Amino acid sequence: MTILEHSPPLSAGDSGYQRIRSDIIFGVLTPSGRLKLESMKEDYGVSVSTLREILNRLASEGFVVAEGQRGFEVAPVSIQNLRELAQLRILLEHHAMTESFRAGDMEWEGRVVSAHHKLAATERAILTEGDDDPELRKRYDSEFHQALISSCGSHELMQTHAVVFDKYFRYALQYRGSATVEQHRALLDCALKRDAVGAKSILTDHISSCVAHALSIGTLR
């Protein structure tokens with residue numbers, strides 16, 4: 001039996017939270033869109049009271065805006081917000097990689113290599129077959145970057161990074177192509193060599209290129 005098979009099923013509230021959060025990240029629930037509780041309770045199979053709890057939780061994370069008596073709406077997107085998230089991600093990930101590279105052992109190396117293997121296979125499929133699944137790509141992208149910092153020694157840092165990464169990914173739905181593959185491979189090489197200085201430079205270029213790509217699409221103001 002695997003760990004997953006032993007895991008208890010999610011409650012309706014936790015399942016609803018994960019589904020709504022995912023739908024915000026991937027644009028199913030559009031930025032600045034009003035969240036109507038009556039229709040959402042049918043779509044997500046939870047009660048209005050549970051929905052309020054979920055949306056308040058998402059508001060505390062910055063994915064939803066609570067409008068007092070007016071209800072809730074999806075957090076807006078903007079050029080300024082993208083730039084702030086990019087800088088915050090760079091700040092958090094630079095520090096976390098430095099600590100993780102210093103403390104990382106063979107178990108850590110195995111996590112990094114395994115996570116990169118899954119991400120690289122997914123990216124190759126996109127490039128060769130044009131078959132992009134943003135949810136799967138985001139999952140493996142997140143797992144790789146989390147693996148890189150997984151020996152940083154701070155659970156709070158990793159949790160904060162994960163939330164920032166998810167908010168950032170709202171802007172990174174469009175795949176950038178081979179440059180991303182090369183940058184991820186270079187980050188793996190730096191990790192295995194414990195080259196934190198090189199990794200920080202590559203990560204800065206990686207995130208800056210993502211920001212430039214998102215801005216080039218022309219949908220942000």
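In the predicted model, the largest nonpolar core has 58 residues, of which I20, L55 and L58 touch the most other members. A nonpolar core is here a set of buried Ala, Val, Leu, Ile, Met, Phe, Trp, Tyr and Cys residues joined through side-chain atoms within 4.5 Å; buried means under 20% relative accessible area, exposed over 50%, and partly exposed in between, with a 1.4 Å probe and protein chains only. Leaving out residues up to four places away in sequence, L58 touches Y17, I20, R21, I24, F63 and V64, where contact means heavy atoms within 4.5 Å. Residues are numbered from 1 along each chain as its sequence is written, and side-chain values use heavy atoms, with hydrogens and water left out. As this is a predicted model, local features need pLDDT of at least 70 and side-chain atom pairs count only at pLDDT 80 or more, whereas totals for chains, interfaces and linings use all residues.

The whole structure contains 12 salt bridges, each defined as a side-chain nitrogen of Lys or Arg within 4 Å of a carboxyl oxygen of Asp or Glu. Side chains of opposite charge can pair when their charged atoms come close. One of the salt bridges joins R21 to D166, with 2.5 Å between the closest N and O atoms. R21 belongs to helix α2 (residues 12-25) and D166 to helix α8 (residues 155-169), so this pair ties together parts that are 145 residues apart in sequence. Helices (H or I, at least four residues) and strands (E, at least two) are DSSP runs, numbered from the N terminus. R21 is buried, with a relative accessible area of 13%, and D166 is also buried, at 7%.

A salt bridge between K118 and E143 has an N to O distance of 2.9 Å. Distant parts of the chain are linked by this pair, since K118 is in helix α6 (residues 106-129) and E143 in helix α7 (residues 134-148), 25 residues apart. K118 is partly exposed at 31% relative accessibility, and E143 is partly exposed at 27%. D132 and R137 also meet through their side chains in a salt bridge, at 2.9 Å from N to O. In this pair D132 is partly exposed, with 29% relative accessibility, while R137 is buried, with a relative accessible area of 4%. Through salt bridges that share partners, R21, E61, K138 and D166 are joined into one network.

Three aromatic pairs are found in the structure. Rings of Phe, Tyr and Trp (its six-membered ring) pair if their centres lie within 6.5 Å; planes under 30 degrees apart count as stacked, over 60 as edge-to-face and the rest as tilted. The pair of F101 and W108 is tilted, at 5.6 Å centre to centre and 55° between the planes. Both residues are buried, F101 at 3% relative accessibility and W108 with a relative accessible area of 0%. F165 and F169 form a stacked pair, with 6.2 Å between centres and 20° between the planes. These two residues both lie in helix α8, four residues apart, about one turn of the helix. F165 is buried, with a relative accessible area of 2%, and the value for F169, also buried, is 2%.

The charged end of R57 sits over the ring of Y17, 3.6 Å from its centre. R89 has its charged end over the ring of Y168, 5.1 Å from the ring centre.

R89 is also among the contacts of H94, which, apart from neighbours within four places in sequence, are R89, K200, L203 and T204. H94 lies in helix α5 (residues 79-103) and counts as buried, at 18% relative accessibility. Its side chain reaches the backbone oxygen of K200 at 3.0 Å.

Most residues other than glycine have a negative phi. S32 has a positive phi, near 70°, and is found in the loop between α2 and β1 (34-35). R194 likewise has a positive phi, near 60°, and is found in the loop between α9 (178-193) and α10 (196-217). S32 is partly exposed at 40% relative accessibility, and R194 is partly exposed at 31%.

Definitions and conventions: A polar contact is a pair of N or O atoms within 3.5 Å; within protein, one must be able to donate a hydrogen and the other to accept it, and residues adjacent in sequence count only if both atoms are side-chain atoms. A charge sits over a ring if NZ of Lys or CZ of Arg is within 6 Å of the ring centre and within 35 degrees of the ring normal.
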